Amino acid sequence: MTVQGRSASGYSAWRLIADELRREIFDGSLPPAAKLPTEGALAERFGVHRNTVRQAVAALASEDLVRSRRGSGTFVVEHSVIVHRIGLRTRLSDSLGRRGSAVSGRLLESRTVPVPPAEVDEQLRLDGRPALLMESARSVDGVTISRGTHWFDAERVAGIDEHFARTGSMTAALRAVGIEDYLRAHTTVGARIASGAESSDMALPMGTVVLVVHALDALPDGTPLQAGTTRFRADRVELDVEHPDAGAAMLDQTGPAAPDYAS
């Protein structure tokens with residue numbers, strides 16, 4: 001396999017090599033504790049200079065997928081991919097099971113937006129009321145795996161940003177403002193290259209792919225609660241999307257499906 005210095009799309013050779021090795025790590029071809037081929041062997045395999053291989057391996061090391069041992073070589077690190085199940089009641093801590101306590105969230109920004117985007121106004125049925133915008137990041141076992149943008153009716157959830165900053169849990173923050181339960185009403189999933197801010201927040205090499213989830217959460221009576229967009233590290237998270245019939249029935253009784261926009 002020969003990799004040119006830069007593909008027709010402008011994608012750098014070292015990124016293509018990193019993508020190939022990452023796939024081999026995740027599909028088990030390079031299992032944990034396996035030793036990577038030498039720089040020379042990888043350079044010959046991909047038809048590139050050793051410096052290009054070195055960049056690719058450095059990218060994998062920055063993702064904690066490989067680790068170099070002086071005098072021994074570079075080895076695959078034990079790793080796990082989180083399967084996040086998105087259903088009627090979607091909670092990352094539930095997806096992690098016993099590891100749920102390893103989830104932590106941090107507030108990056110919060111502000112009241114007097115005139116939110118028209119799409120947000122429509123989704124949350126604000127009728128011209130101000131919205132609360134929150135930006136957050138979530139980590140599992142100390143590794144940041146997602147960055148979220150959350151829109152709320154500012155009057156309905158007054159003080160939620162302070163509770164989230166204190167607890168690191170959106171569910172706990174909602175309970176603190178009197179909301180005990182909420183349901184997923186709508187989800188769309190896509191993928192794209194991470195922005196500069198997302199790469200920085202999640203410690204990703206530039207050019208890394210993120211999964212993008214646009215979502216609308218609602219109260220059990222169908223009242224819109226939160227419109228949001230979450231960007232997940234595609235190398236650490238898989239999404240299992242399932243909407244039970246009960247959710248569809250709820251939407252049929254409470255109004256039309258929400259539009260796709262949630263940012």
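How many helices and strands does the secondary structure of the chain come to? The chain has 9 helices and 10 strands. The model is predicted. Of its 263 residues, 48% count as buried.

**Chain totals**
- The accessible surface of the chain is about 12900 Å², and carbon and sulfur atoms account for 49% of that area.
- Taking contacts between residues at least 6 apart in sequence, 63% join residues at least 24 apart.

**Six-stranded sheet**
- An open sheet is formed by 6 strands with antiparallel pairing, in the order β4-β5-β6-β9-β8-β7.
- Its edge strands, β4 (103-113) and β7 (183-193), each pair on one side only.
- On average, neighbouring strands of this sheet are turned by 15 degrees against each other, direction ignored.
- Strands β7 and β8 run antiparallel and are joined by 10 bridges.
- Arg192 has Val210 of β8 standing opposite.
- In general, strands of a sheet pair through backbone hydrogen bonds, either parallel or antiparallel.

**Hairpin β1-β2**
- Strand β1 (residues 66-69) pairs with strand β2 (residues 73-76) in the antiparallel sense, over 4 bridges.
- Val66 stands opposite Val76, which belongs to β2.
- The two strands β1 and β2 form a hairpin with 3 residues between them.
- In the turn of this hairpin, Gly71 has a positive phi of about 80 degrees.

**Nonpolar cores**
- The largest nonpolar core has 20 residues, and Ile25 and Leu60 are those with the most contacts inside it.
- The elements that give two or more residues to this core are α1 (13-26), α2 (39-46) and α3 (50-62).
- Neighbours within four places in sequence left aside, Leu60 is in contact with Ala18, Leu21, Arg22, Ile25, Leu65 and Val66.
- A second, separate core has 14 residues, among them Ala154, Ala173, Leu174 and Ile179.
- In soluble globular proteins, nonpolar side chains tend to be buried together.

- Most residues other than glycine have a negative phi.
- Asp141 has a positive phi, near 55 degrees, and is found in the loop between β5 (131-140) and β6 (143-153).
- Ala203 also has a positive phi, near 55 degrees, and lies in the loop between α8 (196-201) and β8 (209-218).

Key
Residues numbered from 1 in each chain as written. Predicted model: local features only at pLDDT ≥ 70, side-chain atom pairs only at ≥ 80, totals over all residues. Heavy atoms only, no water. Core = buried A, V, L, I, M, F, W, Y, C linked by side-chain atoms within 4.5 Å. Buried < 20%, exposed > 50% of the residue type's maximum accessible area, 1.4 Å probe, protein only. Contact = heavy atoms within 4.5 Å. Areas by Shrake-Rupley, 256 points an atom, 1.4 Å probe, with all protein chains shown as cover. Pairing = 2+ DSSP bridges. Axes fitted to C-alpha atoms, helices over the stretch in contact; angles between N-to-C directions.
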